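Student: Could you walk me through how to read the features of a structure like this one?
Tutor: Gladly; let's look at it together.

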Amino acid sequence: MRIVVLAGGIGGARFLRGLQQAAPEADVTVIGNTGDDIHLFGLKVCPDLDTVMYTLGGGINEEQGWGRSDETFQVKSELAAYGVGPEWFGLGDRDFATHIVRTQMIGAGYPLSAVTEALCDRWQPGVRLLPMSDDRVETHVAVTLDGERRVVHFQEYWVRLRASVPAEAVVPVGAEQAKPAPGVLEAIAEADVVLFPPSNPVVSIGTILSVPGIREAIADAGVPVVGLSPIVGDAPVRGMADKVLAAVGVEATAAAVARHYGSGLLDGWLVDTVDAAAVPDVEAAGIRCRAVPLMMTGTDATAEMARAALALAEEVRG
């Protein structure tokens with residue numbers, strides 16, 4: 001079975017670990033969000049790609065879900081002593097090595113997709129990890145701070161501001177001019193099923209879909225497309241999906257997110273059992289829906305979620 005997963009952030013990475021347990025023989029291609037990418041200290045940092053790579057490769061900080069395990073922060077401390085910021089973004093010493101290698105390779109002329117493949121040679125994540133695009137795309141958020149409307153990088157909105165002010169607009173800068181990375185459209189065309197994990201529907205999966213050609217390829221692939229709700233009981237399982245959903249005019253409910261994706265894209269949608277009442281609303285929108293436990297309390301529970309998604313895909317396939 002060939003499975004394509006659109007992934008961003010901690011939720012996507014942890015779902016993939018469960019999927020590997022649920023379908024160990026599957027050929028999995030991951031299309032990773034690069035809208036969270038940021039340049040810091042002269043280095044290109046790709047948080048979502050690295051979170052997938054570290055999580056599946058056994059190097060993730062399990063407690064926080066991002067960054068390296070057994071991390072130290074001597075370089076960050078020395079930079080701060082020189083007055084070099086930003087201090088609000090915590091790159092660890094082990095993590096720095098990844099960004100140095102990536103930046104050197106890009107400087108030597110390698111595209112991000114080739115760099116990602118080279119980095120994965122070390123980590124052996126067990127999936128094919130592709131950036132959504134080799135082109136630079138950065139998600140920016142419009143906010144009002146001290147009475148002044150500003151646009152900040154998504155990382156600043158989430159890490160520094162902690163989403164403490166309303167997001168007034170979310171814009172994937174550069175997406176309209178970007179092209180899918182090599183292999184992305186081919187993987188979608190050859191897939192047996194496409195899965196949307198419980199990642200942020202606006203700044204993770206939504207950013208991937210904003211790259212011209214990707215949404216269309218998924219809609220035209222002729223295979224089941226099944227998503228898992230990141231909203232449980234009218235609140236995000238983690239993160240700030242409610243803040244950015246509000247910015248695009250979508251309620252923070254499992255049914256509203258399904259309608260946001262739409263029946264032209266989604267064939268099936270899983271909601272948590274606490275949101276079982278939403279099933280008729282989703283099905284009225286033309287999307288097959290089932291209620292199952294969606295809390296990723298561990299790899300076994302996440303594997304059950306993945307099995308439910310694959311079962312719904314088969315049900316849709318008929």
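Tutor: We will go through cores, aromatic pairs, a helix crossing and some backbone features.

Tutor: This is a predicted model, in which local features need pLDDT of at least 70, side-chain atom pairs count only at pLDDT 80 or more, and totals for chains, interfaces and linings use all residues. Residues are numbered from 1 along each chain as its sequence is written, and side-chain values use heavy atoms, with hydrogens and water left out.

Student: Which residues have the most contacts inside the largest nonpolar core?

Tutor: A nonpolar core is a set of buried Ala, Val, Leu, Ile, Met, Phe, Trp, Tyr and Cys residues joined through side-chain atoms within 4.5 Å. Buried means under 20% relative accessible area, exposed over 50%, and partly exposed in between, with a 1.4 Å probe and protein chains only. Here the largest core has 60 residues, and Leu6, Tyr157, Phe196, Ile218 and Trp269 have the most contacts inside it. Helix α11 (residues 254-261) gives the most to this core, namely six residues. Helices (H or I, at least four residues) and strands (E, at least two) are DSSP runs, numbered from the N terminus. Apart from this core lies another, of 42 residues, including Tyr54, Met105, Val226 and Met305.

Student: What is isoleucine 218 in contact with?

Tutor: Contact means heavy atoms within 4.5 Å. Leaving aside neighbours within four places in sequence, isoleucine 218 touches Leu6, Ile188, Val194, Phe196, Leu209, Val225 and Leu265.

Student: How many aromatic pairs does the structure hold?

Tutor: Rings of Phe, Tyr and Trp (its six-membered ring) pair if their centres lie within 6.5 Å; planes under 30 degrees apart count as stacked, over 60 as edge-to-face and the rest as tilted. The structure holds five such pairs. In one of them, phenylalanine 41 and phenylalanine 96 have ring centres 6.0 Å apart and planes at 45 degrees, so the pair is tilted. Phenylalanine 41 sits in the loop between β3 (38-40) and β4 (43-45), and phenylalanine 96 in helix α4 (residues 93-107), 55 residues apart. Phenylalanine 41 is partly exposed, at 27% relative accessible area, whereas phenylalanine 96 is buried at 7%.

Student: Why is the pair of tyrosine 54 and tryptophan 123 edge-to-face?

Tutor: The ring centres of tyrosine 54 and tryptophan 123 are 5.2 Å apart and the planes stand at 65 degrees, so the pair is edge-to-face. Tyrosine 54 belongs to helix α2 (residues 47-57) and tryptophan 123 to helix α5 (residues 112-123), so the pair ties together parts 69 residues apart in sequence. Both tyrosine 54 and tryptophan 123 are buried. Elsewhere, ring pairs link Phe196, Tyr261 and Trp269 into a cluster.

Student: Where do α1 and α2 meet?

Tutor: In α1, Gly9, Ile10, Ala13, Leu16, Arg17 and Gln20 meet Asp48, Thr51, Val52, Thr55 and Leu56 in α2. For the geometry, axes are lines fitted to C-alpha atoms, for helices over the stretch in contact, and angles run from 0 to 180 degrees between N-to-C directions. The axes of α1 (residues 9-22) and α2 come within 9 Å and cross at roughly 35 degrees.

Student: And the backbone?

Tutor: Most residues other than glycine have a negative phi, and most peptide bonds are trans. The peptide bond from glycine 85 to proline 86 is cis, with omega near 5 degrees. Proline 86 is in the loop between α3 (74-81) and α4. Arginine 162 is not a glycine, yet has a positive phi of about 55 degrees; at 57% relative accessibility, arginine 162 counts as exposed.
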